[in-house]
Amino acid sequence: MNAQELGINAMGPTPEQAQAFEQLPDRPVVMVNLLKFSDGGAGAGDYEQYGRDVGKILQSIGAELIFSGECQTTLIGGAEWDRIAMVRYPNPRALLQMAQSEEYQAISGNRSSGLEGQMNIAVFES
């Protein structure tokens with residue numbers, strides 16, 4: 001009842017979301033990525049290449065993929081996703097710096113072509 005719906009699939013944050021993310025505490029954060037592949041799933045190959053390439057960058061900034069799996073069905077709610085990936089970053093700034101780096105920009109085309117959109121949720125472990 002209290003959930004706010006902005007849009008189920010996006011490729012980047014709104015200005016308000018980016019500003020809120022920048023204000024997060026300087027501590028480890030897990031980014032939960034709910035992924036929808038483009039072209040009815042055909043984009044999975046491009047996204048898998050992006051995943052291999054970004055893995056090297058994640059390692060260099062002290063981040064790590066902690067879970068990845070293919071979605072089978074939705075039990076509650078109305079959204080269907082193709083894959084979920086969870087990445088632990090040392091802090092929110094590490095993700096922002098990575099996304100703005102030349103190395104990341106060089107590989108991000110496979111992300112763009114592979115995805116129809118996604119949700120990316122910042123979670124602090126308790």
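Student: What makes Tyr104 a residue that touches Tyr50, Val54, Ile57, Met98, Ala99 and Arg111?

Tutor: Contact means heavy atoms within 4.5 Å, and Tyr104 meets that with each of these residues, residues up to four places away in sequence not being counted. Keep in mind that this is a predicted model, where local features need pLDDT of at least 70, side-chain atom pairs count only at pLDDT 80 or more, and totals for chains, interfaces and linings use all residues. Residues are numbered from 1 along each chain as its sequence is written, and side-chain values use heavy atoms, with hydrogens and water left out.

Student: Which residues touch the most other members of the largest nonpolar core?

Tutor: They are Val54, Leu58, Tyr89, Met98 and Tyr104, in a core of 20 residues. A nonpolar core is a set of buried Ala, Val, Leu, Ile, Met, Phe, Trp, Tyr and Cys residues joined through side-chain atoms within 4.5 Å. Two or more residues come from each of β1, α2, β3, α3 and α4, and α2 gives the most, with 6 residues. Helices (H or I, at least four residues) and strands (E, at least two) are DSSP runs, numbered from the N terminus.

Student: Why is Arg83 called buried?

Tutor: Buried means under 20% relative accessible area, exposed over 50%, partly exposed in between (1.4 Å probe, protein chains only). Arg83 has 13% relative accessibility, so it counts as buried. Arg83 is in strand β3 (residues 83-89).

Student: What joins the side chains of Arg83 and Glu48?

Tutor: A polar contact of 3.4 Å. The term asks for a pair of N or O atoms within 3.5 Å; within protein, one must be able to donate a hydrogen and the other to accept it, and residues adjacent in sequence count only if both atoms are side-chain atoms.

Student: Why is β1 described as largely enclosed by the rest of the structure?

Tutor: Because 8 of its 9 residues are buried.

Student: How do you know that β1 pairs with β3?

Tutor: Two strands pair if DSSP finds at least two bridges between them, and 7 bridges join β1 to β3, running antiparallel. Another 8 bridges join β1 to β4, also antiparallel. Asn33 stands opposite Ala85 in β3, and its bridge partner in β4 is Asn120.

Student: And where is the kink in helix α4 centred?

Tutor: On Ser108, with a kink of about 40°. The bend at a residue is the angle between axes fitted to the seven residues ending there and the seven starting there.
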